[in-house]
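Open the structure in your viewer and get the selection tool ready. We'll go from stop to stop, picking something out and looking at what is around it.

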Amino acid sequence: MKEITSSEFETEVLAGGKVVLDFYSTECPPCEAVAPKFEGLAKLYGNDIKFVKMFRQENKPLAEKLGVKSSPTLLFFENGVQMANTLSGGIKRSDIIHQLDSMLTSERVKKIKKDIKPTVSEFDVLILGAGPGGLTAGLYLCQSKVNTVLIDIALPGGHVSTTHEVSNYPGFIDPQPGYMLSHNMSEQTKLCGTVYKVAVDVSKIDLEKKEVVIDEFETIKAKKIIIATGTSPNLMGVAGERELKGKGISYCATCDAKYYGDKEVVVIGGGNSAVEEADFISKFAGKITMVHQFDAFTANKQAQEKLFANPKISVLFEHEPRSFAREGDKMVTEVEDLKTKRISRLVSDGVFVFIGMKPNIDMFRDKLELDGWGYIKTDEDMRTSMPGVYAVGDVISKKYRQITTAVADGTIAAISIAKELN
Ligand SMILES: Cc1cc2nc3c(=O)[nH]c(=O)nc-3n(C[C@H](O)[C@H](O)[C@H](O)COP(=O)(O)OP(=O)(O)OC[C@H]3O[C@@H](n4cnc5c(N)ncnc54)[C@H](O)[C@@H]3O)c2cc1C
């Protein structure tokens, strides 16, 4: 992979042909995750598209001029013209392939795809999901000298990486930024020697055979599998929600609250997440209207007291959203008063939805015994109903879903497996 500097940009990138340029930084986990994918694709597409990389910190003025705001960022050029699509952050191999394919003829793409050689690798344990549960299992297995691979469709960290502050994880006197806590957990497991395959597409999961296919052509086999895939936010199922997801409707305050400085937002929900996140959003937004279906919050008393004392927040109890729409740069939420059945319009700059979570089990739903809510049933050693398949963390059937309980599950599964394998 050729590394270039700003002074070579004209001759190496702008001089003509098709070029992809990777702006990377040091101490950047997403850059480390994308580097092997970039190298691998350079071998496949290298005859048609030139692959180069540039160290962002030492080429800052050029990076800024090209609109690079985070690392890694991949820029694509055709005959000296920068293309509109750029990729940044936790970039998946399929995202890069999609962009590269769009630069070539379909015949050429077909020919390149024919040359892809599928690979197979073998491990003792395969962990699906690198949140606190999966990371802890990876750490314990690695320290027991069990050959382990951690696979995640996103970057490591799970929900903790997008939680603004964690004040109840033991061992820290002050509240910790979630991204720091998850970064430390991830580095500890990685430094031990657990193999990471992150920001990948999981194409197929075969729990019986203990095989997972990632990025279409890479098969990973193991003796045991640990499912640590956690949960995802529930959608409301209300008109306009799917279309406006990420375009005015958000499910993550840490990710998006900062874009609402002095603006008006609507927050939907009434449990701990909704109440705590509304309080966090009020650090940025000027006015918050909460919409909750019941006549009281279900969040804990301490969180409620803080919320009611916050002058920026007002609450519509016994109301439910009926539709979302965009009018110019405003969001319109139609809400129904459940007592009077009257519909009214809430005009805001953005909407946050916090109405609970659902387990991430879509790729193996029919294979395992689940509880009535769709969570995976396990025994006290975290074994599922299928031999050799374990499950830990928020995805399992249990009463309390916290970082500490996910970490505990990961510990138990890893110790049980290490004993079995020995
Ligand atoms: C907004 C919010 C605030 C919170 N605040 C706190 C707090 O202050 N204190 C506390 O103790 N707990 C808190 N929690 C709960 C805590 O974050 C979870 O209990 C914990 O993260 C669960 O860890 P996990 O490893 O089971 O799952 P997760 O953290 O959900 O991680 C699951 C991982 O699996 C990956 N994944 C999903 N599907 C697949 C697939 N098919 N293949 C491979 N990988 C997959 C995901 O990308 C993710 O990285 C909070 C949760 C939220 C949502």
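Start by selecting Thr-378. Leaving out residues up to four places away in sequence, Thr-378 touches Arg-383, Thr-384, Ala-391 and Ile-396, where contact means heavy atoms within 4.5 Å. Now pick Ile-396 as well: Thr-378 and Ile-396 are 18 residues apart in sequence, and their C-alpha atoms are 6.9 Å apart in space. Thr-378 sits in the loop between β22 (357-359) and β23 (389-391); helices (H or I, at least four residues) and strands (E, at least two) are DSSP runs, numbered from the N terminus. With a relative accessible area of 25%, Thr-378 is partly exposed. On this tour, buried means under 20% relative accessible area, exposed means over 50%, and partly exposed is in between (1.4 Å probe, protein chains only).

A quick note before moving on: this is a predicted model, in which local features need pLDDT of at least 70 and side-chain atom pairs count only at pLDDT 80 or more, while totals for chains, interfaces and linings use all residues. Residues are numbered from 1 along each chain as its sequence is written, and side-chain values use heavy atoms, with hydrogens and water left out.

**The ligand**

How many residues surround the ligand? There are 28, and the closest are Gly-133, Asp-152, His-159, Asp-394 and Ile-403; a residue is near a molecule if one of its heavy atoms lies within 4 Å of it. Look next at the backbone. An oxygen atom of the ligand is 2.9 Å from a polar backbone atom of Gly-133, and a backbone N or O atom of Ile-403 also lies 2.9 Å from an oxygen atom of the ligand. For Pro-132, a backbone N or O atom lies 3.2 Å from a ligand oxygen. Of the 1000 Å² of accessible area that the ligand has on its own, the protein covers 87% (Shrake-Rupley method with a 1.4 Å probe; for residues, only the protein chains shown count as cover). Colour α6 (132-143), β8 (148-152) and α12 (403-421): these are the elements that give two or more residues to the shell around the ligand.

**The nonpolar cores**

Next, select Leu-126, Ile-151, Leu-207, Val-212, Ile-226, Ile-227 and Phe-364. They have the most contacts inside the largest nonpolar core, which has 50 residues. A nonpolar core is a set of buried Ala, Val, Leu, Ile, Met, Phe, Trp, Tyr and Cys residues joined through side-chain atoms within 4.5 Å. Helix α12 gives the most to this core, with six residues. Centre on Ile-226: setting aside residues up to four places away in sequence, its contacts include Val-125, Leu-128, Ala-137, Tyr-390 and Ile-417. A second, separate core has 21 residues, among them Leu-44, Ile-91, Ile-96 and Val-109.

Ile-96 takes you to α4 (residues 93-101), where Arg-93, Ile-96, Ile-97, Gln-99, Leu-100 and Asp-101 are buried. Among the elements covering them are α2 (29-45), β3 (50-55) and α5 (106-114).

Then jump to α10 (residues 272-281). Seven of its 10 residues are buried, so α10 is largely enclosed by the rest of the structure. The buried ones are Ala-274, Val-275, Glu-277, Ala-278, Asp-279, Phe-280 and Ile-281, and they pack against elements including α9, β16 (287-292) and α11 (301-308).

**A buried charge**

Is Glu-336 buried or exposed? Select it in strand β19 (residues 330-337): Glu-336 is buried, with a relative accessible area of 13%. Its side chain makes a polar contact with the side chain of Arg-322 at 2.7 Å. A polar contact is a pair of N or O atoms within 3.5 Å; within protein, one must be able to donate a hydrogen and the other to accept it, and residues adjacent in sequence count only if both atoms are side-chain atoms.

Most residues other than glycine have a negative phi, and most peptide bonds are trans. Now select Ser-71 and Pro-72, which are joined by a cis peptide bond with omega about -5 degrees. Move on to Asn-79, whose phi is positive at about 50 degrees although it is not a glycine; Asn-79 is exposed, with a relative accessible area of 57%. Finish at Asp-262, where phi is near 60 degrees. Asp-262 lies in the loop between α9 (253-256) and β15 (264-268) and counts as exposed at 70% relative accessibility.
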